[in-house]
Amino acid sequence: MNKKEKNIFLKDSIDLGELLARIWNNKKFIYLFSILFFVISFIYSFSLDNIYKSSVSFYPHYEENNNNSGNSLQSLAGLAGINLSSEVSSNIPPNLYPNLIRSTTFKNKILNEKVNYYGNNISYREHLTNNYFSIDLRKIIFYPLKSLSDFILHKQDIKELDNSGLIFISEDDYKLHKILDENININLNEQDGFIELFVIDKVPEISSTIAKKANDILQESIIDFKIKNVKELYNFTSSQLEIARNKLYGIEDSLANFKDSNRNIKSDLFLNQLERLETEYNIAKNIYNELAITKEKNAIDVRKNTPIFTIINPVVVPNEKHKPVRSYIILFFTFLGIVISIIWILIKKPLINIINEIKT
């Protein structure tokens, strides 16, 4: 490298000593700037509401069902338009549990649950609306006009949606569903097989109440899915048993009346009619007995295939907040203020030179 190239290299290279000296000479600016960020972060962190977390951990137990008791009724149920497959509903994989708590049905049930808010018994929907929605003056001003417009233009459309079996969600409920997506979650421990459901809220008592309710609703959904076919078979058997009972009682009464009315008659015609009535009675009695036995077997299948949930950690009202961690917020923003102030000191002089060159 010749002398000219060496001078150019030294001119273009970064002088670390000069940079450190520049930072040291502006240490007062860095100090004041970091103090400013510290104050801002302090005020911001203490303006945040405390969030409390309640959780419940459970382990699901499933029983395998070998249901053969309803095979004789499946063809009859098929003629009635009911699908009673001998296959029991398969278990819901735990990785689908988050989808259950994200469903509209689940969220609507949660929103309708009652909670105790400082002595007032209100719905969780009201609690979220009062504590998570900011005041929108424009919405308040135009609310009467919007309500009248919805009544005139959309009332019939909503009615058609309801009649078609579709679920209609209002704009406010849609926003609440978004809040529930953040407030209610599930952790799956695939290694040990247990599930943790947790709820966060600004009020510790409400977070624990909703955690318990959400756990109950989730378990009910899992049970309904698991025993759907077995329960349908049980309900169908019960309805057929009621029909068979009424028919049996009717034939019994007819047979008794026939015998009472023809007590002294022993003709062949009497014997033929008596034999036919007794045959009908025996058939009805056999059908009734078979249905009664099948119903009891199906009841056992329902109980046997109903999942059992072992609670590992029950819901406890939290005593400590979950977030925010104010010390981390303050440290982060203070460090950020130091970094920004140093960057500004380093780029200030080159930036001014660039601006002056552009002007000239």
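Visitor: Is Asp 173 buried or exposed?

Guide: Asp 173 counts as buried, at 15% relative accessibility, where buried means under 20% relative accessible area, exposed over 50% and partly exposed in between, with a 1.4 Å probe and protein chains only. Please keep in mind that this is a predicted model, in which local features need pLDDT of at least 70 and side-chain atom pairs count only at pLDDT 80 or more, while totals for chains, interfaces and linings use all residues. Residues are numbered from 1 along each chain as its sequence is written, and side-chain values use heavy atoms, with hydrogens and water left out.

Visitor: OK, and what does the side chain of Asp 173 meet in a salt bridge?

Guide: The side chain of Asp 173 meets that of Arg 125, at 3.1 Å from N to O; a salt bridge here is a side-chain nitrogen of Lys or Arg within 4 Å of a carboxyl oxygen of Asp or Glu. Arg 125 lies in helix H7 (residues 124–132) and Asp 173 in helix H10 (residues 171–183), so the pair ties together parts that are 48 residues apart in sequence. Helices (H or I, at least four residues) and strands (E, at least two) are DSSP runs, numbered from the N terminus. Arg 125, for its part, is partly exposed, with a relative accessible area of 22%.

Visitor: How many salt bridges does the structure hold?

Guide: The structure holds nine salt bridges. One of them joins Asp 216 to Lys 212, with the closest N and O atoms 3.6 Å apart. Both of these residues lie in helix H11 (residues 204–226), four residues apart, which is about one turn of the helix.

Visitor: Which residue pairs up with Lys 259?

Guide: Lys 259 forms a salt bridge with Glu 278, at 4.0 Å from N to O. Lys 259 lies in helix H12 (residues 228–261) and Glu 278 in helix H13 (residues 268–305), so this pair ties together parts that are 19 residues apart in sequence. Lys 259 is partly exposed at 38% relative accessibility, and Glu 278 is partly exposed at 30%. There is also a network, in which salt bridges that share partners join Arg 102, Lys 107 and Asp 181.

Visitor: Switching topic: where is Ser 55 found?

Guide: Ser 55 is found in strand E1 (residues 52–61), and at 25% relative accessibility it counts as partly exposed.

Visitor: And what is Ser 55 in contact with?

Guide: Leaving aside neighbours within four places in sequence, Ser 55 is in contact (heavy atoms within 4.5 Å) with Glu 196, Leu 197, Phe 198, Asn 313, Pro 314 and Val 315. Phe 198 is 143 residues away from Ser 55 along the chain, yet their C-alpha atoms are separated by 4.0 Å.

Visitor: How many helices and strands are in the protein chain?

Guide: The protein chain has 14 helices and six strands, and buried residues make up 28% of its 360 residues.
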